[in-house]
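Me: I'd like to learn how to read a structure like this one. Could you take me through it step by step?

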Amino acid sequence: MRTFTKIEVRTALILILACLIFVVVVRAAFIVSPMPTDSMQPLISTNSTIVAARWFRTASLHSGDFVIADIPLPDSKRVLTVRQIEQQPDTPAGQFYLRAANTNGWDSRQFGTLPASNIVGRVLWVLK
């Protein structure tokens, strides 16, 4: 049986540590999640994977952008899901009007505008 030298062990530990640091940084910077509901069909299917940036400026968001939002549900629960920004002319500053692509999706037509603090990620990629 072969014994490993100090250099080989040290190299293996450095590679493992580098991988762990990479995973921590990626998890801190991005949200990677499957699309939780069918509310965005046909734009985004339920078997798609969403990649969103956690760090973004809300001032850079525009109508048509996809975001991950913490939305209120009718039963007083909250859910993180993808919605599309659809700013209305009368939307107050610092608030966002969000729409589901599907008519059965829960969106700003039911709960009104959401504050910028409820936008937790800006969608970068939709992986099918």
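Me: How many positive and negative side chains does the protein chain have, and how far apart are the centres of the two sets?

Reply: Start with the counting rule: Lys and Arg are positive, Asp and Glu are negative, while His and the chain ends are left out. Each charge is placed at NZ of Lys, CZ of Arg, CG of Asp or CD of Glu. Here the protein chain has 13 positive and 8 negative side chains, with 12 Å between the centres of the two sets.

Me: Where do these values come from?

Reply: This is a predicted model: local features need pLDDT of at least 70 and side-chain atom pairs pLDDT 80 or more, while totals for chains, interfaces and linings use all residues. Residues are numbered from 1 along each chain as its sequence is written, and side-chain values use heavy atoms, leaving out hydrogens and water.

Me: How do strands make a sheet?

Reply: Strands of a sheet pair through backbone hydrogen bonds, either parallel or antiparallel. Two strands count as paired if DSSP finds at least two bridges between them. In this model, 6 strands form an open sheet with antiparallel pairing, in the order β1-β2-β8-β3-β4-β6. β1 (30–34) and β6 (98–99) are at the edges with a single partner strand each, so one side of each has no neighbour in the sheet.

Me: What joins β3 to β8?

Reply: 3 bridges link β3 to β8 (residues 119–127), and the two run antiparallel. Take Ala69: its bridge partner in β8 is Ile119.

Me: Is Val67 buried or exposed?

Reply: Buried means under 20% relative accessible area, exposed over 50%, and partly exposed in between, using a 1.4 Å probe and protein chains only. Val67, which lies in strand β3 (residues 66–72), counts as buried because its relative accessibility is 0%. Across the protein chain, buried residues make up 29% of the 128 residues.

Me: Which residues does Val67 touch?

Reply: A contact means heavy atoms within 4.5 Å. Leaving aside residues up to four places away in sequence, Val67 touches Leu61, Thr81, Val82, Arg83, Ile85, Leu98, Ile119, Gly121, Arg122 and Val123.

Note on methods: Helices (H or I, at least four residues) and strands (E, at least two) are DSSP runs, numbered from the N terminus.
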